[in-house]
4 protein chains.
Amino acid sequence: MFLGDVVGEPGRKAVIGQLASLRKELELDFIIVNGENAAGGRGITPKITIDLLRAGAAVVTTGDHVWDQQDIVDYFPTEPRLLRPINYPEGTPGAGWVVLETAKGKIAVIQAQGRSFIQPPLENPFVIVEDRIAKLREEGVKMIFLDFHAETTSEKIAMGWALDGKASVVVGTHTHVQTADERILPEGTGCLTDAGMCGPEHSVLGRSPESVVWRFRTGMPTRFPVAKGPVRLCGLVADIDPESGKCLSIERLNRLIDLNEGSEGA
Amino acid sequence: MFLGDVVGEPGRKAVIGQLASLRKELELDFIIVNGENAAGGRGITPKITIDLLRAGAAVVTTGDHVWDQQDIVDYFPTEPRLLRPINYPEGTPGAGWVVLETAKGKIAVIQAQGRSFIQPPLENPFVIVEDRIAKLREEGVKMIFLDFHAETTSEKIAMGWALDGKASVVVGTHTHVQTADERILPEGTGCLTDAGMCGPEHSVLGRSPESVVWRFRTGMPTRFPVAKGPVRLCGLVADIDPESGKCLSIERLNRLIDLNEGSEGA
Amino acid sequence: MFLGDVVGEPGRKAVIGQLASLRKELELDFIIVNGENAAGGRGITPKITIDLLRAGAAVVTTGDHVWDQQDIVDYFPTEPRLLRPINYPEGTPGAGWVVLETAKGKIAVIQAQGRSFIQPPLENPFVIVEDRIAKLREEGVKMIFLDFHAETTSEKIAMGWALDGKASVVVGTHTHVQTADERILPEGTGCLTDAGMCGPEHSVLGRSPESVVWRFRTGMPTRFPVAKGPVRLCGLVADIDPESGKCLSIERLNRLIDLNEGSEGA
Amino acid sequence: MFLGDVVGEPGRKAVIGQLASLRKELELDFIIVNGENAAGGRGITPKITIDLLRAGAAVVTTGDHVWDQQDIVDYFPTEPRLLRPINYPEGTPGAGWVVLETAKGKIAVIQAQGRSFIQPPLENPFVIVEDRIAKLREEGVKMIFLDFHAETTSEKIAMGWALDGKASVVVGTHTHVQTADERILPEGTGCLTDAGMCGPEHSVLGRSPESVVWRFRTGMPTRFPVAKGPVRLCGLVADIDPESGKCLSIERLNRLIDLNEGSEGA
Ligand SMILES: [Fe+2]
Ligand SMILES: [Fe+2]
Ligand SMILES: [Fe+2]
Ligand SMILES: [Fe+2]
Ligand SMILES: [Fe+2]
Ligand SMILES: [Fe+2]
Ligand SMILES: [Fe+2]
Ligand SMILES: [Fe+2]
């Protein structure tokens, strides 16, 4: 299972509170969580990373907000299950991929960042991800999961086609809105253009609507506080064949959680 | 009902072929179609506009590709049911809104274009759309539909919140991928961040996957032919209360059509 | 005379220290200073505005950094000689133009912001500035000066041509590098694509070179401290005919100032 | 000597007509010309490349418009003196650098493209250029010239500082407007933020002013014909010490040429 960008305290509480029961209900073997907005909407701290891993995440991915919290820079080399985009230049702290042993075999998780309308400019993710996957497959890793953190639908869908038959799942993140286009491409790669976020329902991407509307109306700066109220958990559940690495099924996860009461259903 | 960006000949054929049966099946009173990519993926011609209107569309909206076909410029003043974004400067050919009489009362359709990561730069859509809606409501128009053609999820969702209780439906277009976040905001405005497109399923936004992947891998220019094969029709169906203008229900429409055989279901 | 973006304490010290002697040496009647980076490189405060006006500036312009210092928002309505871009929506604090009486007649100063590669998106500056100038000329104002704060050379040069014969001087700001293309267009408008900045010579746009180079090399965030050492004062000196409003001569000003010793010459 | 972007037929005629006399007058040993806009403003053809080389250019550089003319793709591998940006992915036709023997020793010319506000996104030019220069210096090449084709002043000036003491000259291109900031950095690298273009004086970056102004005013598409009339030749003349590779002097070249009459002086 993959969960999209966790936003602020409401997103963290909902994710940490639900992971155990979701794992049971959905019979999950392996959980990946994107945590790039987990610290008040901006970045992630070492403590929050530990909390997410303890709650059941096997890997925590990030994105363009990866460096927003300063103490994460030194933490990266100590925690291989925390990923930053793989297409930073050589020498950057942290790693963009990790291979973990599971009961069903090795699983690789990769994170990359797009280059259309997203900052900073990084190296070509198509070239770097295909190279990395070629090496992983040579080493016998079959189950390969990519979190492609990118703005445009074209770049994310193109990545899915570029990796069809090479990766098990290609899921987009960053727009914080789940898309309704889950599918398995002809060669067996499961794709979803954007997983959506785990954050407050009454919001603009997790932030208070008033503040964001005011910004668009006036062009003047303001703070964008994390919104309150019920949280929507968005992500996907994929079934991967351990022998071939092909995706057998892919479903969107999309649930509204009342933090006081638990799940309200979708 | 609203149908998202119709892409090229496959998209046109599917939409024109299905409109009559969809109208019957879904008991549609009023159909709006976005046609900005209907002419080979780039713009729309007078002839295609006429074809879409004859097939049952009450209004045809466009977007950033509105001027791609040169002969549309002079056609605009002759056809008020064809819209371009309302936030072009005064004096621009065509109009950005239209009011039509229906059996259930007046319906206004407005089109606006966003300003984040989309060209050309236009006037502030929040200011202009709110002004236009205020005037429409003074004149007694209750049912108001906005096609907001914009790239980012933040700008599109913020527009929904800005118009909550003022417009009946705010639907985004432009990314060509349907989002899974249909909802009715607290004051009664139905929202969907992006309607998706009506175009070839095996594609990147309607274009051949090979060409788009090649572009991202190499950085070199190439043509992006419209893809072939089955077409996915994406859009939404909303039920609006004629008295209050509030949205009573909003559902995504998402169907795969085999052009040789008719609908394959969703 | 116009002086480009004053950057931080070094820029302020140099400008304030030199204005009186420059006025004498160059026989200046009217001095305009861009102060958008005067407060530590980010924005301007009420106190700094007052300091610049006291030192001899008749008008202080700003730009995209106008709101960086929070207390400037409430100060704007109290000081008509401080300008923000004219193409913000109606209702924005402050004004984008001012008319001042001088011994040689009325002078209007206008500030506008471009829309190519600069944030936030504002209203069309070509439309708004031409409208404003038409009204000023109806009211008999002949001497009209525009500070066009924009990124691209195309937008800035196009503004010069759009206003040829309507404005006396069109000078660009924002890139912090002076261009070498001063000229008088056929109908009498003096143009310079960018005035350059008043800031530290050993710098990248006024900031420490090490920090900016590190940012480009690594893609990782860092602080960009204002650089130290000698300051280059950049701007222009124009001679305007009070009768016709035409520009009679335009020259670049470009001087290196050792803050300990005074001017080192150009 | 370096000449900035040659625009269209007027630019070509002026450059080809003047190169021989400029070489004599300025005692030039080595001439580099940027030809990315030489073919009607868009790209360069094999024939134009040959014309520029025959007229006296030792190397022809390009930029973001490199692939605009289709037949240049296959020509690249046949002509090592024609460069495209070095930071395209491996496997791209053509090369981004060349070393030529001269009477005074080996000269390397490198071209790179920036990543701020310029398309397509390419690999990190700071990393790639520094690597290439390190190798060139290991091989004993001292005189190294970089044409850095980039939009923003910050990226171009930062490149100068990054290469101070490593390259002989770093000159920017792409904005088509010459900057007035030529200087030699502390470790001996000569820099100019933008060389400017060789194109029609009465123009916006070489194009007809009416067309560009119309585009900014209306937001509607139009053609941008190459302008007519006298041509301004912009570039720089640098004196490099063959022993150390350090820049001894750097001067802007900026001359208005009447195509019917020859040079009118600066
Ligand atoms: Fe995020
Ligand atoms: Fe993100
Ligand atoms: Fe479209
Ligand atoms: Fe579009
Ligand atoms: Fe500035
Ligand atoms: Fe600025
Ligand atoms: Fe160019
Ligand atoms: Fe260029």
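What we have here is a predicted model, in which local features need pLDDT of at least 70 and side-chain atom pairs count only at pLDDT 80 or more, while totals for chains, interfaces and linings use all residues. Residues are numbered from 1 along each chain, chains are lettered from A and ligands numbered from 1 in the order written, and side-chain values use heavy atoms, without hydrogens and water.

The residues that coordinate this ion are Glu36(C), Asp64(C), His149(C) and His174(C), at 2.1 to 2.2 Å. Glu36(C) also coordinates the iron ion (ligand 5), which lies 3.4 Å from ligand 6.

Let me turn to chains A and B. Their contact, meaning heavy atoms within 4.5 Å, takes 37 residues from chain B and 37 residues from chain A. The buried area, which is the accessible area (1.4 Å probe) that two parts lose on being put together, summed over both, is about 3,000 Å² for this pair, with carbon and sulfur atoms giving 65%. On the side of chain B, Trp161(B), Phe216(B) and Arg217(B) lose the most area to chain A, together 21% of what that side buries.

Between the two chains there are four salt bridges, each a side-chain nitrogen of Lys or Arg within 4 Å of a carboxyl oxygen of Asp or Glu. Arg183(A) and Glu201(B) meet in a salt bridge, at 4.0 Å from N to O.

Technical notes:
Donors are N, O and S atoms within 2.8 Å of the metal (3.2 Å for Na, K and Ca); water is not among the atoms, so sites may look incomplete.
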